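Please keep the coordinates in view while reading.

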Amino acid sequence: MSETLNLDEFLRDWPERAENLIPVLQEIQAQFHYLPEPVLREAAQRLDVPLTEVFHVATFYNCFSLEPVGRHLVQICLGTACHVRGAPRVLDRLLRELNLGAPGTTRDYEFTVRTVRCVGCCGLAPVVRVNNTTHPHLTQTKVRSLLKKYGPEEKAPAAG
Amino acid sequence: MPKLQSVEELEALRTACRERRDPQRPCLTLCAGSGCTASGAHDVLRALRRAVERQGLQEAVEVKSTGCHGFCAKGPVMIVWPEGIFYNRVTPPDAADIVASISNGRRPVERLLYRDPVTGERVLREDEVPFYRRQRRILFANNGRIDPKQIEDYLRVGGYTALRRVLAALTPEQVVEGVKRSGLRGRGGAGFPTGVKWEVIRQQKATPKYIICNADEGDPGAFMDRSLLEGNPHSVLEGMMIGAYALGVGKGFIYVRAEYPLAVQHLRVAIAQAEEYGLLGDNILGSGLSFRVRLVQGAGAFVCGEETALIASVEGRVGEPQPRPPFPAEKGLWGKPTVINNVKTWASVPVIVNRGADWYTSIGTERSKGTMVFSLVGKINNTGLVEVPMGITLREMIYGIGGGIPNGNQLKAVQIGGPSGGCIPASLIDLPTDYEELTQAGSMMGSGGMVVMDETTCMVDVARYFMEFLEEESCGKCFPCRKGTQRLRQILTRISQGQGSEDDLQLLDDMSWMMRETSLCGLGQTAANPVLTTLRYFRDEYLAHVREKRCPAKVCRELITYSIEPTLCDGCHACVRVCTTDAILGEKKEAHTIDTGKCIKCGACLEVCQPQAVLVS
């Protein structure tokens, strides 16, 4: 993936003003799933925002990532309803199944695990969102089969 | 579609929309809110459409997706109109029967009807379901009836009638006066009288003025704003338009959190449709009012629900709050007068205009008027969104509407108001849900999140959980909050691991008061509420943790042990299969044992053990 991208595409909808920094970063994040450093430098220049401020914003908000993410983004909700219904144990199990010590990306870049505080599906707690699909009523014994659904492309998909 | 040039044209369009639809024509409305979508609603929708086609009923039967009905635990839910038959837990294979029932003399599909857990009987209509029967759905009245992506549906149910009334017959002062008289209080959490806030804005001389809808809904456990935005976005827009008229505002912003993609999508569609019809833009309905709305997405920061931090975020900066005064009503977005209100507050405005301030004051208590929308979640049978008159007791909420605690467990506490709120113990279950009453008990109304907890919830763990959350979300600008949340979290973690002492309890208390008195913004000032309320009402649990190194609820991992009762174990081996540390030993058909040295207390074995032979002590 080339990181020397042309920001024109992203700035088409947003006048080059400092106040549009966040929407521009959001569009970049949506396309690349992270914020490459060269892009941040260029954004600073084009929007006339000090680079330190760009990094301040990029590291302040949880939605932004400075590291590339895996093919599948697994977001586990740790909201209050999910917490009392056992989300911490689901998270633990998820990390163990993927050999991760803490939320992050697996070595093969297949999965990135992130915690999120409330996706608003509290009636179905505990909830895990993989890419754009929300999975309700997770328990730790369902984690393995959930991950199998998103297995590497070469392997034949396991039966749920 | 040419833009509407006058209120008369609006009414003519409304009549045309109503005439286009035969109210007797069967309509299947399926909830496609985030909750039911997660439960497979889109597959059901496809199956329904296919079944209608196969049975040749495309002209006769309409299939529509709607917003959230609020009863997520029983989703996917749907209603068959015009009878109002309510079906729950609908799956794609049910589609054929549902569609067939329309032609077969409209006899309902029995197995999909809601079954009352007490009487065992099936009920037919939504308003007969105990969960809904005791609610008073005003803001959510139309969520099960309209397609949020069709402005015509909103017009059909009377949408934009309030706007018409205001533009045709009321002065801005009269609108503000009406909102004041209604007693409407901000539904975002603080409960500030909306009319008073609006009056302050009216008095400001600086221009331009701005309107912001706070749709950040950061409280974990709260999802009513999400449901309203997904299911009836026009109701919020209409409120903002009325506000724009009353306060002389030309530009509005809706700040939606990033974690709500469906709400963002539906808002975009609603704004585009409103612009197309000339309800947003210049010279709205020929009244001279010009108002535009822009959608701004949050980027994942709880603190951006705080109004000055939200403003900073809209301005492209980090969400760091500012000291107040000056308040946003005087100096807000780009230093100009800005009125910020919550989603539900905006949605309440058209209701008040249509039905009158006096009608509104007839609902609720002396100081808390109108209805409140709670998200009733956690250890409760009927989880979902509940809209009730202010003043209803917690008992009524939990047992009358919520159906009580699952598995025959006992109610222990209710956390109200999110991380800024507090835990109300079961002994106070007859407390009315009123702003002042809840604050006096140490909690707060907040945005309406209500998390129910039973004896399997450890209150020390709850306090630690909230402090962990707030530590992460603290913006870091002021020392009391930045350091206070961190230290409180460290102390609470120590206590939950059996390494705390009684001195720690005093320390928790002292630090909590310090944070409350000296933090810059609401996040820091209320951060200690969960600690203070759990110390106040559940001190015995803290004492058990520090004196006896015991967790009465058997949650805190360092203080519990898992074992297998040999007389109950049938050797089925299910636990061994799920144990990731090989801590369970035993041959098939023989009693198994747990090696506590290897056991990481994940609880997976407990989950799968059918004879319930796994014990936690």
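Two strands pair if DSSP finds at least two bridges between them; helices (H or I, at least four residues) and strands (E, at least two) are DSSP runs, numbered from the N terminus. The model is predicted, so that local features need pLDDT of at least 70 and side-chain atom pairs count only at pLDDT 80 or more, while totals for chains, interfaces and linings use all residues. Residues are numbered from 1 along each chain as its sequence is written, chains are lettered from A and ligands numbered from 1 in the order in which they are written, and side-chain values use heavy atoms, with hydrogens and water left out.

Strand β1 (residues 27-31) of chain B runs parallel to strand β2 (residues 62-66) of chain B, with five bridges between them; Leu28(B) has Val63(B) as its bridge partner there. Four bridges link β1(B) to strand β3 (residues 78-81) of chain B, in antiparallel fashion, and Cys27(B) is partnered by Trp81(B). On one side of β1(B), Cys27(B), Thr29(B) and Cys31(B) are buried, as are Leu28(B) and Leu30(B) on the other. Buried means under 20% relative accessible area, exposed over 50%, partly exposed in between (1.4 Å probe, protein chains only).

A nonpolar core is a set of buried Ala, Val, Leu, Ile, Met, Phe, Trp, Tyr and Cys residues joined through side-chain atoms within 4.5 Å. The largest has 117 residues, and Val256(B) is among those that touch the most other members. Helix α11 (residues 233-247) of chain B supplies the largest share of this core, nine residues. Another core, of 71 residues, lies apart from it and includes Leu35(A) and Cys478(B).

Chain A has a mean pLDDT (the predictor's confidence in each residue, from 0 to 100) of 84.
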